[in-house]
Amino acid sequence: MPALGQVMENGQVLPAFLLCSTLLIIKMYAVGVITGYTRLRKKAFANPEDALRHGGLQFYRSDPDVERCLRAHRNDMETIYPFLFLGFIYSFLGPTPLIAWIHFLVVLTGRVVHTVAYLGKLNPRIRSGAYVLAQFACVSMALQIIWEAAHHL
Ligand SMILES: N[C@@H](CCC(=O)N[C@@H](CS)C(=O)NCC(=O)O)C(=O)O
């Protein structure tokens, strides 16, 4: 396996991964901000002390839109966190830069579309398709890591 500096210089694979993964982390932050904004807009708070601060204990309640944000965030955690591991290790396997870029961009695009479709209540097929697309790229990276690791046992 090449050293970190080599990967950075030669293939532009690691910088591609760092770019896409950091954008995805910022995307997750955005979901958190939208969740907080939705709580304020719908007056639906997760803690009694928050509700008291914003008008009374009656606002210590759940809300379908807030729940939707939380599900989008949970789905991000189920998919993006594994990508942070898989993409990083994959970057060190010496993949063809173009193929690696395609993997990372598919995950980035898939996850952004998933969030937009989920929060925007779009046709569920768009969300499912985006989910499957991003997962497909992640499974591809996982299989390549397993393959490489198995050959170094
Ligand atoms: N934990 C997921 C596993 C399957 C999954 O991630 N499905 C995608 C595409 S249908 C999804 O957007 N699920 C909705 C969600 O996780 O809230 C679930 O409960 O649905």
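In this predicted model, the axes of α4 and α5 approach within 10 Å and cross at roughly 175°. Angles over 145 degrees count as roughly antiparallel, so α4 is roughly antiparallel to α5. On the α4 side, the contact is built from R68, C69, R71, A72, N75, D76, T79, I80, F83, G87, Y90 and S91. Its partners on α5 are I99, A100, H103, F104, V107, R111, H114, T115, Y118 and L119. Sorted by class, the contact of α4 with α5 comprises 11 nonpolar, seven polar and four charged residues.

Several residues of this helix pair, including N75, H114 and Y118, turn up again around the ligand.

A polar side-chain atom of Y118 sits 2.6 Å from an oxygen atom of the ligand, and for N75 a polar side-chain atom lies at 2.7 Å from a ligand oxygen. In the case of H114, an N or O atom of the side chain is 2.8 Å from an oxygen atom of the ligand. On its own the ligand has 440 Å² of accessible area, of which the protein covers 64%.

The elements that contribute two or more residues to the shell around the ligand are α4 (64-91), α5 (97-119) and α6 (124-150). Of these, α4 gives the most, with four residues.

Conventions
Residues numbered from 1 in each chain as written. Predicted model: local features only at pLDDT ≥ 70, side-chain atom pairs only at ≥ 80, totals over all residues. Heavy atoms only, no water. Near = heavy atom within 4 Å. Polar contact = N/O pair within 3.5 Å; in protein donor to acceptor, adjacent residues only side chain to side chain. Areas by Shrake-Rupley, 256 points an atom, 1.4 Å probe, with all protein chains shown as cover. Axes fitted to C-alpha atoms, helices over the stretch in contact; angles between N-to-C directions. Parallel < 35°, antiparallel > 145°, perpendicular 65-115°, else oblique. Contact = heavy atoms within 4.5 Å. Nonpolar A, V, L, I, M, F, W, Y, C, P; charged D, E, K, R; others polar.
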